[in-house]
Amino acid sequence: MTADDARLSVAEATALILTGAEPLAPEVVPLGAAQHRVLAAAVRAPRDLPPWRNASMDGYAVRAADLRAATPGSPRALRVVESIAAGALPTRTIGDGEAARIMTGAPLPDGADSVIRIEDTDRGTDVVQVRDARDAGMNVRPRGEDLAEGAVALDAGHEIDAAALGVLAAVGAQLVTVHRRPRVAVLSAGDELVPLADSHSAVATQRIVDVNSHTIAALARDAGAEVHVLGLAADDPHAIRTAIEGAAPYDVLITSGGVSVGDHDHTRAVLRELGADILIHRLRIRPGAPLGFGLLDHARWVGLPGNPVSAMVTFELFVRPLLRRLAGHHALFRGTVPARTTASIRTAAPLTHFLRAELTPCNDGIWEAALTGPQGSGLITSMVHANALLIVPESQREVEAGTVLRAMLLGERALHSSTPVA
Ligand code: AMP
Ligand code: MG
């Protein structure tokens, strides 16, 4: 356990949060339900893929030796012994002076070693005239070219995306073994909060609508979790405890609010009462300094700060990697890219800053980072325009315009473009 007043770096906090976190137990799901899940075991090819030599274009299956010196002026005549459609099997061996009409994907007949593209022939049905020898030995896909029988098609830890679904379908994997998805419970704490359904009465009662249940649940779902939103608890230890104890089983409990040092910040004390070993109290970052983290018997608690931006930023830094580890991913962290600042920046405290920025690609291949505006941690709109978090290290208080720092990409937004591929 770290001392209550220890202020940890991102690296120290990350290490504490991930220590002992293991991918969840495997379960078997139909391939149709496996998108975004992570393989818990390697998948091997049960047979060669493709399972037979086949034609890579429509044409004539022939023997290369028969084509010698075929030219437009002196074509080679070959006897067409059959026509093989994709889905049909050859019935004949191709001998000297013979050819078979063949369609893309159809198994190559024995004896043949080449497929002559149709444009180099007269398209004959009984006898075909081949006018060019350029396809001698060509246009044949070897058996097992994609995967040899027994070869690893996908490794454990591979996320099942569209391409992986394609590979799994190709090797006939109707069922796949994947890690269970992390179960997440999300709780917002604060006397000032009302649920969205009561938004009409918020102003009259000088309260605000709960934002974090929505943002944190969305981020957790996006990170592959099964999310159970617990709703709101007042700033009252009994209310917070009741909400947590009423939750369905979870792997990660994410609370927001009430982890600071205010008079009404009870979340940490409640978690301690519930038996949590509290490992993190405070970080040297902005936004997001008051972060709580602790180990319960069968779950982990992450106490995000209440400010909506702080909650989202600390989710990206600490909760997403944890959920990805539990879900079985090997790459846990948001990627970073070098980014050049468009204006000077002065940070207000010796903390690592994560500034909301909009990245745009520049002609020299480096990204340019423009801050989205005021950086207050309560300004949820600052997240809407950000596609990255510009990282200003704690040692770098003054940043001149044009300085290259690193920026953490927030999902694919930075990678989409309004201009098409040239
Ligand atoms: P706290 O971390 O509880 O001190 O809260 C810090 C700030 O975040 C306060 O201004 C709260 O009103 C605000 N806040 C806390 N929780 C939420 C929430 N779920 N949605 C929107 N704002 C919140
Ligand atoms: Mg509060």
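Asn387 sits in the loop that runs between helix H8 (381–384) and strand E27 (388–392). The model is a predicted one. Asn387 is buried, because its relative accessible area is 7% and the cut-off for buried is under 20%.

The protein chain is divided into four parts: domain 1 (7–24 + 181–327), domain 2 (26–49 + 145–179), domain 3 (54–141) and domain 4 (336–414). Between domain 2 and domain 3, the C-alpha centres are 36 Å apart.

The largest pocket has a volume of about 620 Å³. Its lining comprises 26 residues, and Glu159, Asp222, Arg320, Arg324 and Arg334 are the closest to its centre. Helix H4 (212–222) and helix H7 (308–327) are the elements that each give two or more residues to this lining. H7 supplies the largest share, three residues. By class, the lining of the largest pocket holds ten charged, nine nonpolar and seven polar residues.

The second largest pocket has a volume of about 490 Å³. It is lined by 33 residues. Nearest its centre lie Gly257, Pro305, Gly306, Asn307 and Pro308. Two or more residues of this lining come from each of strand E13 (183–189), strand E15 (208–209), strand E19 (282–283), strand E20 (285–286) and H7. The lining of the second largest pocket divides into 14 nonpolar, twelve polar and seven charged residues.

Note on methods:
Residues are numbered from 1 along each chain as its sequence is written. Chains are lettered from A and ligands numbered from 1 in the order in which they are written. This is a predicted model: local features need pLDDT of at least 70, side-chain atom pairs count only at pLDDT 80 or more; totals for chains, interfaces and linings use all residues. Side-chain values use heavy atoms; hydrogens and water are left out. Helices (H or I, at least four residues) and strands (E, at least two) are DSSP runs, numbered from the N terminus. Buried means under 20% relative accessible area, exposed over 50%, partly exposed in between (1.4 Å probe, protein chains only). Domain bounds come from an automatic or database domain assignment. On a 1 Å grid over the protein atoms alone, a cavity is a set of points where a 1.4 Å probe fits but cannot get out, and a pocket is an open set with protein on both sides within 12 Å along at least five of seven lines; lining residues have an atom within 4 Å of a point. Grid points are joined across faces, edges and corners, and a volume is the space filled by probe spheres set on the points. Ala, Val, Leu, Ile, Met, Phe, Trp, Tyr, Cys and Pro count as nonpolar, Asp, Glu, Lys and Arg as charged, and the others, Gly among them, as polar.
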